[in-house]
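Please read it alongside the sequence and the coordinates.

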Amino acid sequence: MLGYLGRRFAAAAITLALACAAVFASIHLLPGDPVAMLLGEQAGADPEVVQKMRGQLGLDRPLIEQFISWIGGLATGDLGRSLRTGEPVFADVMVRLPRSLELIGGGLSIAMLLGIPLGVVAARGRGRVAGTAASVAAIAGFSAPVFVSGIILVIVFSLWLDILPSSGFVEFAEDPTMHLACLALPATAIGINFMGVVARMTRASLSDTMTKEYVRLARAKGLSRDAAILKHALPNALVPVIAVIGIRAGNLLGGTVIVEALFDWPGLSSMLVSAVFARDYPVIQGALVAIFAVFVLIGLAIDTCQGIVDPRTRESAA
Amino acid sequence: MRNAGDVVLSARRLVTTFDTPSGRLRAVDGLDLHLRLGEVVCLVGESGSGKSVTGLSLMGLIDPPGHVTCDEFWFDGHDLTTLPESEMERLRGRRIAMIFQEPLSALNPSRRVGDQIAEVLRIHGLASRAEATRRAVELLGRVGIDDAQLRARSYPHQLSGGQRQRVTIAIACIGSPRLIIADEPTTALDVTVQTQILDLLTEMQTSLGSALLFITHDLGIVAELADRVVVLYAGQVVEEAAVEDLYRTPGHPYTVGLLASVPDVDAPRKRGVALAAIPGTVPNLLEVGTGCRFRERCDRAHDRCGAEPPMITLSEGHRVRCWLYAGR
Ligand SMILES: Nc1ncnc2c1ncn2[C@@H]1O[C@H](COP(=O)(O)OP(=O)(O)O)[C@@H](O)[C@H]1O
Ligand SMILES: [Mg+2]
């Protein structure tokens with residue numbers, strides 16, 4: 001198990017390094033001078049300003065040197081300073097990262113807490129009313145775009161029932177209850193959208209696993225059909241579900257862009273979006289690296305789960 | 001023949017149907033079966049003749065769209081025609097157990113084999129967790145797995161095919177069942193391993209004093225294993241006899257054909273003899289009408305065979321479903 005985790009860790013580190021290189025390259029190698037981009041129309045007017053800016057940003061040095069110093073900065077937690085505010089990017093990322101993780105974690109938990117039972121009911125009751133109802137619910141959740149489910153949630157819980165704030169953010173340390181109340185709707189919006197994926201995957205995988213001979217043997221041992229499904233079929237059926245959740249983690253991150261904007265949640269995505277509009281490129285770089293890091297971490301967490309559930313994964317995965 | 005003990009299972013006119021899109025299929029059609037403690041009964045027939053469905057029907061493990069009916073069905077003092085499912089669950093694994101054909105797919109890939117054996121005792125509340133584990137390891141040793149303590153912690157994919165089947169035998173035996181149903185337990189194994197598994201199975205059955213219903217299509221195994229043989233064809237019993245009677249005076253033309261396809265009955269160690277040596281195949285169960293189901297393939301068929309053949313008793317315990325013996 002430890003060897004398996006070690007290999008997954010090394011793979012994750014390599015992925016992250018490649019992602020950082022890609023982030024760097026996308027800004028420095030692609031056509032279009034970031035400085036010209038930054039300065040907009042005035043750029044052409046005053047070459048001296050451009051030159052000064054380049055020096056200030058270190059863009060006059062050879063590319064490889066720039067890359068090494070940037071990576072070096074990354075390693076020591078220095079992501080440069082915001083062009084707008086002059087604040088260190090790293091500090092801002094570290095403030096916003098937990099907020100986005102919270103959103104993703106909350107959304108993922110809701111998706112699994114609702115999606116897995118829904119998938120089980122759908123698979124178990126195939127051809128019966130409960131099963132069909134569960135399938136319909138799963139598909140409905142799956143097909144509603146996150147901004148639609150988000151708006152519906154606001155209408156129901158903020159406007160009609162008036163029990164949750166429609167948007168905003170309060171630090172946990174300041175007011176824990178209010179913090180969680182603010183988190184509830186955006187996390188649910190992400191969760192409901194992803195729940196459909198989880199439910200459909202669970203249904204498909206469990207329907208297949210339920211027909212396995214070892215589930216029949218479990219019943220031959222004296223377990224009821226439901227107990228055999230829950231104890232023997234479900235754990236194995238969840239292995240591919242977990243894998244798909246990992247692959248679809250991008251959906252979750254993408255979902256946060258819309259949800260953070262919709263609910264005014266000051267996470268990484270909203271940081272990235274405002275930085276792009278302001279052409280604050282050290283912030284863009286820093287936010288992208290952080291988002292990739294989240295991606296890789298989710299993948300690592302998924303691999304770890306799989307290794308725990310399925311003993312064969314631990315041995316075969318090189 | 002070993003001394004036959006008390007009747008442990010008795011089924012009369014067992015019928016198992018499956019509702020398929022193209023109609024109702026009678027996979028088992030009016031089977032009579034009586035099993036006594038201590039005896040080995042072989043259920044023989046070609047692939048598709050309804051052997052597995054019979055085994056699952058006896059276990060009460062036929063799921064919709066399948067449906068089982070039975071005029072009379074007694075097991076170990078319980079009337080299974082009226083027994084609620086929750087009571088049946090208490091019998092399964094403890095009083096009646098089953099071994100499947102493919103040991104790898106019959107074991108849960110993500111659970112340690114020791115736990116899978118101990119689970120039977122846990123389900124039925126027969127032992128504490130520690131005690132169940134201890135007895136599972138002990139039984140693992142008895143079914144011939146070296147280093148049982150260590151092996152109990154293995155996962156199924158870490159064991160060989162023979163070892164896996166030893167594990168499923170341990171699962172079947174740990175509850176001390178009165179009846180073990182073994183559905184072609186050696187078909188998926190190497191020939192050399194087959195003999196060891198058969199020896200183990202009969203050894204366990206003898207020490208438990210239980211009945212063994214051994215399902216096979218391999219007549220080489222039947223000769224050395226069975227006390228009695230039930231020959232199944234297209235869901236119906238066509239012949240039933242003590243093993244000596246069946247080999248000495250086979251009655252049904254199907255049985256005769258089967259035996260003729262075994263190269264040398266006196267050398268039963270030769271295994272892997274398939275029952276396909278009779279020309280033709282088992283009829284489509286959706287299309288069988290009235291009359292003898294074997295008549296299309298039978299070299300002694302005549303006009304009478306278009307009507308349902310009667311079950312005729314040739315001698316004590318020797319019954320044949322064939323017109324050849326009618327009116328004698
Ligand atoms: N779940 C099922 N649904 C429909 N038909 C089935 C099902 N299970 C078995 N059958 C049919 O029952 C017949 C007997 O099958 P089986 O008992 O597996 O044969 P055997 O074990 O003798 O090879 C076959 O024609 C098979 O197609
Ligand atoms: Mg079979």
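This is a predicted model: local features need pLDDT of at least 70, side-chain atom pairs count only at pLDDT 80 or more; totals for chains, interfaces and linings use all residues.

Between them, chain A and chain B bury about 2,200 Å², and 56% of this area lies on carbon and sulfur atoms. Three residues, L217(A), R219(A) and K221(A), supply 29% of the area that chain A buries against chain B, which is more than any other three residues provide. Counted by contacts, 18 residues of chain A meet 26 residues of chain B.

The polar side of this interface comprises 10 residue pairs in polar contact, with both partners at pLDDT 80 or more. On the side of chain A that touches chain B, the elements giving two or more residues are α10 (213-220), α11 (225-247) and α15 (311-316) of chain A. Of these, α10(A) makes the largest contribution, with 6 residues. By class, the residues on that side of chain A divide into 8 charged, 6 nonpolar and 4 polar.

The count of salt bridges between chain A and chain B is 2. One salt bridge joins the side chains of R219(A) and D63(B) at 2.8 Å, N to O, and R219(A) is also among the three residues named above for their share of the buried area of chain A. Over all chains, a search of the whole structure finds 23 salt bridges. Among them is the pair D226(A) and R124(A), whose side chains meet at 2.6 Å, N to O.

Which residues surround ligand 1? The shell consists of F18(B), L25(B), A27(B), the run E46(B), S47(B), G48(B), S49(B), G50(B), K51(B), S52(B) and V53(B), and finally L285(B). In terms of class, 5 of the shell residues are nonpolar, 5 are polar and 2 are charged. Both β2 (23-36) and α1 (51-59) of chain B supply at least two residues of the shell, and α1(B) gives the most, with 3 residues.

| Residue | Protein atom | Distance to an oxygen atom of ligand 1 |
|---|---|---|
| G48(B) | backbone N or O | 2.7 Å |
| K51(B) | backbone N or O | 2.9 Å |
| S52(B) | polar side-chain atom | 2.8 Å |

Taken on its own, ligand 1 has 560 Å² of accessible area, of which the protein covers 64%.

Two backbone features of chain B remain to be described. Most residues other than glycine have a negative phi, and most peptide bonds are trans. A cis peptide bond, however, joins P64(B) and P65(B), with omega of about 10°, and P65(B) is placed in the loop between α1 and β4 (66-69) of chain B. D76(B) is found in the loop between β5 (72-75) and β6 (78-79) of chain B.

Conventions: Residues are numbered from 1 along each chain as its sequence is written. Chains are lettered from A and ligands numbered from 1 in the order in which they are written. Side-chain values use heavy atoms; hydrogens and water are left out. Contact means heavy atoms within 4.5 Å. Buried area is the accessible area (1.4 Å probe) that two parts lose on being put together, summed over both. A salt bridge is a side-chain nitrogen of Lys or Arg within 4 Å of a carboxyl oxygen of Asp or Glu. A polar contact is a pair of N or O atoms within 3.5 Å; within protein, one must be able to donate a hydrogen and the other to accept it, and residues adjacent in sequence count only if both atoms are side-chain atoms. Helices (H or I, at least four residues) and strands (E, at least two) are DSSP runs, numbered from the N terminus. Ala, Val, Leu, Ile, Met, Phe, Trp, Tyr, Cys and Pro count as nonpolar, Asp, Glu, Lys and Arg as charged, and the others, Gly among them, as polar. A residue is near a molecule or strand if one of its heavy atoms lies within 4 Å of it. Accessible areas come from the Shrake-Rupley method with a 1.4 Å probe; for residues, only the protein chains shown count as cover.
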